[in-house]
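User: Could you take a close look at one strand of this model for me, and describe how its surroundings are arranged?

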Amino acid sequence: MRMIAAGYKHALVVKGDGSVWAWGMNRRGQLGDGTVVSKVFPVRVKGIEGVVSISGGGWHTVAVKEDGSIWGWGFNYFGQVGSRDGVVREEDYVITTPVEVFDKSFFG
C-alpha cells in the first residue's frame with residue numbers, strides 16, 4: 001500500500017501497483033467506479049493507474065499520477081474537480097470516473 005486517504009464519508013487507498021480503490025458514500029461519484037451507488041467494500045476506481053498521491057474532499061477525489069498529471073472525479077458543482085476551459089457545465093456536475101484536470105505541463 002502506498003497511501004490511504006479519506007474524504008467526506010468515503011475512503012481511498014492507493015495500492016503498491018498504483019491502482020486506486022475506494023469505498024463508502026458515492027452519491028456524487030466520488031468513488032470513481034462509474035456509478036453513484038455507495039459501497040461497503042473497496043471497488044477499483046476505473047480508468048486510472050500509476051497514482052502516487054490521493055486526497056478525498058467533500059464528495060470529490062483528486063489524485064496525482066507518476067507523470068505529474070492531476071485527475072479528479074465526483075461532485076463538481078463548484079468546479080472542485082476542475083475544468084479545462086474554466087467553465088463548469090451542468091453535465092459536468094457529477095463525474096463518476098476520473099478525468100484529467102491538469103497535465104504535467106501546467107506546473108512547468
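Analyst: Happy to; here is a walk around strand β2 and its neighbours.

Keep in mind that this is a predicted model. Strand β2 covers residues 10–14 and belongs to an open sheet of 4 strands, in the order β1-β2-β3-β4 with antiparallel pairing. The edges of this sheet are β1 (3–7) and β4 (39–44); each has a single partner strand, so one side of each lacks a neighbour in the sheet. From one strand to the next, the twist averages 15°.

Let's start with the β1 side. β1 and β2 are joined by 5 bridges in the antiparallel sense, and Ala-5 has Leu-12 as its bridge partner in β2. The two strands make a hairpin with 2 residues between them, where Lys-9 in the turn shows a positive phi of about 65°.

How many residues of β2 are buried? The count is 5 of the 5, so the strand is largely enclosed by the rest of the structure. His-10, Leu-12 and Val-14 cover one side, while Ala-11 and Val-13 lie on the other, and all are buried.

His-60 sits in strand β6 (residues 60–65). With a relative accessible area of 14%, His-60 is buried too, and its side chain reaches the backbone oxygen of Gly-58 at 3.3 Å.

How values were computed: Residues numbered from 1 in each chain as written. Predicted model: local features only at pLDDT ≥ 70, side-chain atom pairs only at ≥ 80, totals over all residues. Heavy atoms only, no water. Pairing = 2+ DSSP bridges. Axes fitted to C-alpha atoms, helices over the stretch in contact; angles between N-to-C directions. Buried < 20%, exposed > 50% of the residue type's maximum accessible area, 1.4 Å probe, protein only. Polar contact = N/O pair within 3.5 Å; in protein donor to acceptor, adjacent residues only side chain to side chain.
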